[in-house]
Amino acid sequence: MGEYRERKLLSCGPCARVPGERHRRRFGLASLAQEVLEATGPDGSMPSWRYVLLAVIGAVGGTIGAAATYSTYIRFTDEQILAQGWRIACGVDVFCCVALARLIFRRRSAVSVVVLMAVVSDIIALVIVSRQPFVATADPAAGGLVVLAIAVSYVFYRLGVHSMWPYLLTAGPMAWAGCYWSGLHPALALLPIVPFFPRAPRPLDDLRVDRHEHTRFAHFEAVFAYPLQAVAFLFGLANAGVLLRGADTGTWAVLTASLVGRPVGILVTGLIGEALGVVPTRFIRWPDLIVIALIASVGLGFALFLSTTVFPDGPLLAETKLGAIATLVGAAVAFGAARILRVGRFARTTDV
């Protein structure tokens, strides 16, 4: 069986290239990073560092849990040809998680934690799927370009430049070249300069751009909101066509890693955080954290993207993509858990 699967992999064509996906990830991640910075700054919806730390350690723990569960599953099934697919389990679909969190929690602080946790998880995943171990092999000149981009952005910031275009057109290409040259995924290119973009406080549980402060042409998320939706539509057309049959080891490995490994990793780091006194238990109770962990199990779109970067076109890609789509089951599990635990919209009046 293993030899047959290996012959199938060797007969596959080159990796599928997704129209516009590199640009969608580059600008989409930068837009989310901008919103996170606005929410975690003064007058934002997450002024307490405990919320931020909970989301960050939860993202790290969830990623470790998902990767470890995937690798363990593959080891027990003796399908080593799928071993590199653990990277796929690291992805979290931010927008699905936001929609589900708002459906369950409405506009509580838990929604902000879910958003930040998903964004940090995807940043970690992009670093993991970068084309080479950049720390060991990066050219010093590549790091110099990133530092120069940060310096230019800082000068613009100190000069009071209120439009994001000078940052994007001047520092942006330098940051992109530095990241690409060092082996980092291009989707991470704008992150070093995003902290200097013009921004205004916002609630992180509401990602709309129709508020007065965020509709100006100078704001990054306002300019790219609709173009990103158009490119996301093209991404869906290119990747949503997955045969809903042929589930195999890769499918169950991705699904198990997402539905079991990630929530367990988040909860374990939550225990560690509580022991260290960094979990804001006054606002995020353990039932809330359990539901948050289950919400973060949905990989869907981002896991689909990661699968195309790990496997070439063929049966291995097909079965792991099917596993990525199957992580939507996590939404039903999270909704059921919220109902059972009386969390969010299901909470009794005396529990809120």
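Contact here means heavy atoms within 4.5 Å. In the predicted model, among contacts between residues at least 6 apart in sequence, 82% join residues at least 24 apart. Of the 352 residues in the protein, 52% are buried.

Helix α5 covers residues 109-128. At 1.5 Å a residue, its 20 residues should span 28 Å, and the C-alpha atoms at its ends are 29 Å apart, which agrees with that expectation. Helix α5 is mostly covered, with 15 of its 20 residues buried. The C-alpha atom of valine 111 lies 8.9 Å from that of cysteine 97, a residue 14 places away along the chain. Serine 121 has a relative accessible area of 2%, and so it also falls in the buried class. With neighbours within four places in sequence left aside, serine 121 is in contact with Ala59, Thr63, Cys90, Val92 and Arg262.

Two packed helices are described by the angle between their axes and the distance between the axes.

Helix α5 packs with helix α12 (residues 300-310) at an angle of about 5°, and the two axes are 11 Å apart. Because angles under 35 degrees count as roughly parallel, α5 and α12 are assigned to that class. On the α5 side the contact is made by Asp122, Ala125 and Leu126, and on the α12 side by Phe302, Phe305 and Leu306. By class, this contact has five nonpolar residues, no polar residues and one charged residue.

The axes of helix α4 (residues 94-105) and helix α14 (residues 329-341) come within 11 Å and cross at roughly 15°. The pair α4 and α14 is therefore roughly parallel, and the crossing is right-handed. Leu100, Leu103 and Ile104 of α4 meet Ala331, Ala334, Phe335 and Ala338 of α14. The contact of α4 with α14 comprises seven nonpolar residues, with no polar and no charged residues.

For helix α7 (residues 140-158) and helix α8 (residues 165-182), the axes come within 7 Å and cross at roughly 160°. This angle makes α7 roughly antiparallel to α8, since the class applies to angles over 145 degrees. The crossing of α7 and α8 is left-handed. The residues of α7 in the contact are Ala141, Ala142, Leu145, Val146, Leu148, Ala149, Val152, Ser153, Phe156 and Tyr157, and those of α8 are Pro166, Tyr167, Thr170, Ala171, Met174, Ala175, Ala177, Gly178, Cys179, Trp181 and Ser182. By class, the contact of α7 with α8 has 17 nonpolar residues, four polar residues and no charged residues.

Methods: Residues are numbered from 1 along each chain as its sequence is written. This is a predicted model: local features need pLDDT of at least 70, side-chain atom pairs count only at pLDDT 80 or more; totals for chains, interfaces and linings use all residues. Side-chain values use heavy atoms; hydrogens and water are left out. Helices (H or I, at least four residues) and strands (E, at least two) are DSSP runs, numbered from the N terminus. The expected span of a helix is 1.5 Å times one less than its number of residues. Buried means under 20% relative accessible area, exposed over 50%, partly exposed in between (1.4 Å probe, protein chains only). Axes are lines fitted to C-alpha atoms, for helices over the stretch in contact, and angles run from 0 to 180 degrees between N-to-C directions. Angles under 35 degrees count as roughly parallel, over 145 as roughly antiparallel, 65 to 115 as roughly perpendicular and the rest as oblique. A crossing is left-handed if the near helix is turned anticlockwise from the far one by less than a right angle, and right-handed if clockwise. Ala, Val, Leu, Ile, Met, Phe, Trp, Tyr, Cys and Pro count as nonpolar, Asp, Glu, Lys and Arg as charged, and the others, Gly among them, as polar.
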